[in-house]
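Here is a short briefing on one protein chain. Look over the sequence and the model first, then work through the points by topic.

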Amino acid sequence: MVILALTGGIDLSGGGSGGGSGSGFTFDGEENPELAQNCQTGDDANQSQDCRIVAVVNSVQEYWSGAVSGYRPADTVLFEGQVSTGCGGASSAVGPFAEAYVIAHEYGHHVQNLLGTNDRVGRAQGPESGSVRLELRADCFAGVWAANAIETGLISELTDRDIKIGLDAAASVGDDRIQEQTTGRVDPESWTHGSASQRQEWFTRGYRRGSDESCNTFADNAL
Ligand SMILES: [Zn+2]
């Protein structure tokens, strides 16, 4: 993956310092003059992980600003060497596109929060639960962002291998995989994120169709 542009500056905090814990910092130009100064071009983004994350976050928020009226930017907390999200962390070891996928997935939750989807979903678990539908929709939104970032020329050279790495990252956080690794058995009734193949499938659907309208995981028979 090659990032061609770093748009929109660094002012991404949504106006507050919120979300930041002691060891992390937000992408706020005022709070992080160093980031603001160092991360200005596509070259910066390709050479520095921090700047790359800024570029991806900018790009994701730019897409959603255009797609959702009344979009509000979200805080993003960057920890050293990894992005920390509500759905698990992405270490820098997973590679640039897998990292971007995790960021885009997390913003998919932010968007659903703004749209009120989160509020309509209870805490039920299971293969067809609202929780799983929320997660798969966030995966689909990540695919939509990736397609859009290529279309608008923000990123280029997103190879099949990049995509495969992103999909592997999606699969590795599938409930079945995690359960198998941690308990040695798979119990669909306690799923909250969907299976490895579901997560890959919804990411791919968003990526191929490039429109968030293709992401209705809440439709009847969608899963
Ligand atoms: Zn999630």
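**Buried charges and helix packing**

Arg 52 has a relative accessibility of 13%, so it counts as buried (buried means under 20% relative accessible area, exposed over 50%, partly exposed in between, with a 1.4 Å probe and protein chains only). This is a predicted model, where local features need pLDDT of at least 70, side-chain atom pairs count only at pLDDT 80 or more, and totals for chains, interfaces and linings use all residues. Residues are numbered from 1 along each chain as its sequence is written, and side-chain values use heavy atoms, with hydrogens and water left out.

**The chain as a whole**

- The secondary structure comes to nine helices and six strands. Helices (H or I, at least four residues) and strands (E, at least two) are DSSP runs, numbered from the N terminus.
- The chain has 223 residues, and 48% of them are buried.
- Take the contacts in the chain with a separation of 6 or more: 69% of them join residues 24 or more positions apart. Contact means heavy atoms within 4.5 Å.

**Salt bridges**

- How many salt bridges does the structure hold? There are four. A salt bridge is a side-chain nitrogen of Lys or Arg within 4 Å of a carboxyl oxygen of Asp or Glu.
- One of them joins the side chains of Arg 52 and Glu 99, at 3.0 Å from N to O. This pair links distant parts of the chain: Arg 52 is in helix α3 (residues 49-67), Glu 99 is in helix α4 (residues 96-115), and they are 47 residues apart.
- Glu 99 is buried too, with a relative accessible area of 1%.
- Another salt bridge brings together the side chains of Arg 199 and Asp 139, at 2.7 Å from N to O. Here, too, distant parts of the chain are linked: Arg 199 sits in helix α9, Asp 139 sits in helix α6, and 60 residues separate them.
- Are Arg 199 and Asp 139 buried or exposed? Arg 199 counts as buried because its relative accessibility is 2%. Asp 139 counts as buried because its value is 0%.
- Arg 205 and Glu 201 also form a salt bridge through their side chains, at 3.7 Å from N to O. Both lie in helix α9, four residues apart, which is about one turn of the helix.
- Arg 205 is partly exposed, at 23% relative accessibility. Glu 201 is partly exposed as well, with a relative accessible area of 43%.

**Where α6 meets α9**

- Helix α6 (residues 130-151) and helix α9 (residues 196-209) pack at an angle of about 35°, and their axes are 6 Å apart. Axes are lines fitted to C-alpha atoms, for helices over the stretch in contact, and angles run from 0 to 180 degrees between N-to-C directions.
- By class, this contact of α6 with α9 has eleven nonpolar, three polar and three charged residues. Ala, Val, Leu, Ile, Met, Phe, Trp, Tyr, Cys and Pro count as nonpolar, Asp, Glu, Lys and Arg as charged, and the others, Gly among them, as polar.
- The α6 residues in the contact include Leu 136, Asp 139, Val 144 and Ile 150. On the α9 side they include Arg 199, Trp 202 and Phe 203.

- α4 is mostly covered, with 15 of its 20 residues buried.
- From first C-alpha to last, α4 reaches 28 Å, close to the 28 Å expected at 1.5 Å a residue. The expected span of a helix is 1.5 Å times one less than its number of residues.
- Gly 116 follows α4, and its phi is positive, near 85°.
- Helix α7 (residues 160-172) has 13 residues, so it should span 18 Å; its end C-alpha atoms are 18 Å apart, which agrees.
- Among the buried residues of α7 are Asp 162, Ile 163 and Leu 167. The buried residues of α7 pack against α4, α8 (175-183) and α9.

- Asn 46 is found in helix α2 (residues 42-47). Asn 46 counts as partly exposed, at 32% relative accessibility.
- What does Asn 46 contact, leaving aside its neighbours within four places in sequence? Its partners are Met 1, Val 2 and Ile 3.
- The C-alpha atoms of Asn 46 and Val 2 are separated by 6.5 Å, although the two are 44 residues apart along the chain.
- Asn 221 lies in the segment after α9. Asn 221 is not a glycine, yet it has a positive phi of about 60°.
- Asn 221 counts as exposed because its relative accessibility is 77%.
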